[in-house]
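Biologist: Can you walk me through this one? I'd like to start with the sheet.

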Amino acid sequence: MPSERQEILRDYYICCLSRELSLVIRRDVLTGRAKFGVSDDGKELFQVAMAKAYQAGDWRADYYRGHTLLLALDLAKPEDILAQLYADPENDPFSGGRQMVGHHMTPNTNAEGDWIPQLSQVNLSSDISTTGGQMARATGLAYASKVYRETKHLKAPSFSDNGQEVCFCCIGDASTSEGAFWESLNAAGVLQIPLAVTVADDGYGISVPTEYQTIKGSISAALAGFAAEGDQEGMAIYRIKGWDYPALCEAYTKGIKQVRKAHQPALYHIEELTQPQGHSTSGSHERYKSEERLNWEQEYDCNRQFRLWMLATEIAEEEELLELEAKAKAVITEARTQAWDNFRQPIKLLQEQLNQVIQSLPSSEAKDHALKEIAQLRTPSRSELLSIARRLQFAFYGQETPALTQFIAQEKQHLQQLYSSHHLSESPKAALRVPAVAATYPTTAKNINGFEVINHFFDRALARIPELYIFGEDVGKIGGVNQGMAGLQEKYGEHRVFDTGIREWTIVGQAIGMAMRGLRPVAEIQYLDYLIYAFSPLSDDAATLRWRSNGLQQAPLIIRTRGHRLEGIWHSGSPMSVLLGGLRGMHLCVPRNMVQAIGMYNTLLQSDDPGIVIECLNGYRLKESLPDNLDTFTVPLGVPETIREGADLTVVTYGACIRIVDEAAATLSKMGIEIEIIDVQTLWPFDLEHRISASLRKTNRLLVVDEDVPGGAAAYIMQHILEDQGGYFQLDATPSTLTGTAYRPPYGDDGNYISKPNVEDVVEKVLEVIAE
């Protein structure tokens, strides 16, 4: 318990400040100033207690609440929170208006791509709304402390002080029903990492009570078997009332010391919390709570109980508390006015500019209607003003309106810049800026197996990149299912090349957290099909991190996996359309062989971008020559490569299909038909230099060969070529695709043959297009 009276009074002030902020959030949504809101009302007290245990260098992985903690740690001002509520792109410091209120972060990188020293601040990883999604990243952030504590080869003065950093993670009680929660806690217990998870238990998951969510109606009771006992490792479990200030302070202060010192994870089950305004601004909790429950919540509101405790213990008098409450209300009122003015002022100027533009137009009914429409807008948004301008331009179709045209172009460009930047790195270290270095070969180069190429590369990479760590299922002791890591654990130690459990979600979580803390993780997902298990943390977290933080956070992890030409329902191997639909923000690399793969690894390892490299499963036993510039050879991402020259038809493909098409080309050549084969190399980004359309200007015919389902990645490729590159205008024949079947491949060679493109299919399809 805090001993200083002033500290206790400050905690109460922060609770009052947070509550007033929560009231404003709800009011501004209901009155139309904002779209949607979540807030901290009823959950203030445990956060001010938790704040006492934070130290510089610590991390937080949270979901969509937690502004009380930011206020307690002086990480944000009330107007910062409100700027995010209003989706103010200029003044929201957490996401540039891209995320709803409650999603916080602190920068970990600057515009040059350099790391910001993490030991000089409390670090907030960019929050996500995905239910339970914060758990995977929290595991990785805490695991990085273990790495830094145990390492003997790595100095990291700006990232860690001997691994003392704790990762705090908060999750709602109902969200503990998600598999990500259980997988993460199990991983934390196995790994013994400094992870402190707080379960905020207000008795409901929106309207569904706890007894419908959790066995025994209590997450701490359900997790009793995870508790450390005697010599058995496990985690510490605390069960505290959310309105009991002294108990909360003691549990967090003493418990986090143990987490920090011993790297023993801890679970804080904070019970009997209330939600005075309900779960969010989208509904009323009176609809599903009994009168008895509502009366109890009023009585045991944490701020009220804190107040009563101070009066009962004579820490404060009524007048003092009234003064603090009045001060909090005044501060939030002023912050609300300031945040709203900051948000509205640029839009008012834009409105005036549009009015002037419209006034300059010739008289017409459409002009009068537009001016009236603008005047009737109470609080116009940029998009509403732009929409009016664009509809007005339709009314002047065929007439010159240069001022209106310029206004529309400028504002569209402005909005696009505000919201579409930072999908990938825009720093000098971006993967797209890594110089291309061709592979070179010694005159006496020997052909070796593909897996040996990979092995040689990672051996050299581990030796020259001290931050590099490689892990996944079966990666360590046996060196991977395809022997790409054979002998590397023995050479570099279990600390750097290691096995994990069968837990794809948290394998990715480990990689995200490690990458955010200056390490270079290569996390293996054993087969491409298994990436589906890890899809949520990749899609919702890794792929969106840079974008949703407005370019202020990065996690340059690499996912290594293998696919293509796999057999069987559960190993179909090419769900590229799934990845393309959900992983924009990560480079999607599809190398045709292992030499190309190492060139892509080199490019990614020199960059500050995340990426996925999908190696060809049937390429590990194929012979390749080993380049003598393994350390410097790079493959430019977003740049296709022409594998075979030809003038009759362009075939666009990638991965293992390259060998299928190349074999078909030999057959076609004997028939007098020369096809040009283009390996796209990366599916995202795709052909940034428009090399494919340049090929079409020569051949005027197009065939896309792909293992994915009909309408999958082939349709994506076709759209880029025909629309983005204008390839349609180069064609003398109907563009065509040759893909896998709509169903997954059956088990066995016969089923695989009929389910995926084969050499004969390619020959027949080329002849069909040529005949047209």
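Modeller: One term before we start: two strands pair if DSSP finds at least two bridges between them. Also, this is a predicted model.

Biologist: Fine. What is the strand order in the open sheet?

Modeller: The order is S11-S10-S12-S13-S15-S14-S20, seven strands with mixed pairing. S11 (497-499) and S20 (682-684) are the edge strands, each pairing on one side only. From one strand to the next, the twist averages 20 degrees.

Biologist: How many bridges join S14 to S15?

Modeller: Three, between residues 587-589 of S14 and 611-616 of S15, and the two run parallel. Cys-589 sits opposite Val-613 of S15.

Biologist: And S13, how does it pair with S12?

Modeller: In the parallel sense, over three bridges. Glu-524 stands opposite Arg-560 of S13. S13 also runs parallel to S15, joined by six bridges. There, Gly-563 has Cys-616 of S15 as its bridge partner.

Biologist: Why is S13 largely enclosed by the rest of the structure?

Modeller: Because six of its six residues, 558-563, are buried. Both faces are covered. One side has Ile-558, Arg-560 and Arg-562; the other has Ile-559, Thr-561 and Gly-563.

Biologist: Switching to the surface. Which residues make the nonpolar patch?

Modeller: Tyr-743, Tyr-753 and Ile-754, over about 340 Å².

Biologist: Where is Ile-754 placed, and is Ile-754 buried or exposed?

Modeller: Ile-754 lies in helix H25, residues 749-755. Ile-754 counts as exposed because its relative accessibility is 56%, and the cut-off for exposed is over 50%.

Key
Residues are numbered from 1 along each chain as its sequence is written. This is a predicted model: local features need pLDDT of at least 70, side-chain atom pairs count only at pLDDT 80 or more; totals for chains, interfaces and linings use all residues. Side-chain values use heavy atoms; hydrogens and water are left out. Helices (H or I, at least four residues) and strands (E, at least two) are DSSP runs, numbered from the N terminus. Axes are lines fitted to C-alpha atoms, for helices over the stretch in contact, and angles run from 0 to 180 degrees between N-to-C directions. Patches are made of residues with over 30% relative accessible area and no salt bridge: like charges are joined within 9 Å, nonpolar side chains (Val, Leu, Ile, Met, Phe, Trp, Tyr) within 5 Å. Accessible areas come from the Shrake-Rupley method with a 1.4 Å probe; for residues, only the protein chains shown count as cover. A salt bridge is a side-chain nitrogen of Lys or Arg within 4 Å of a carboxyl oxygen of Asp or Glu. Buried means under 20% relative accessible area, exposed over 50%, partly exposed in between (1.4 Å probe, protein chains only).
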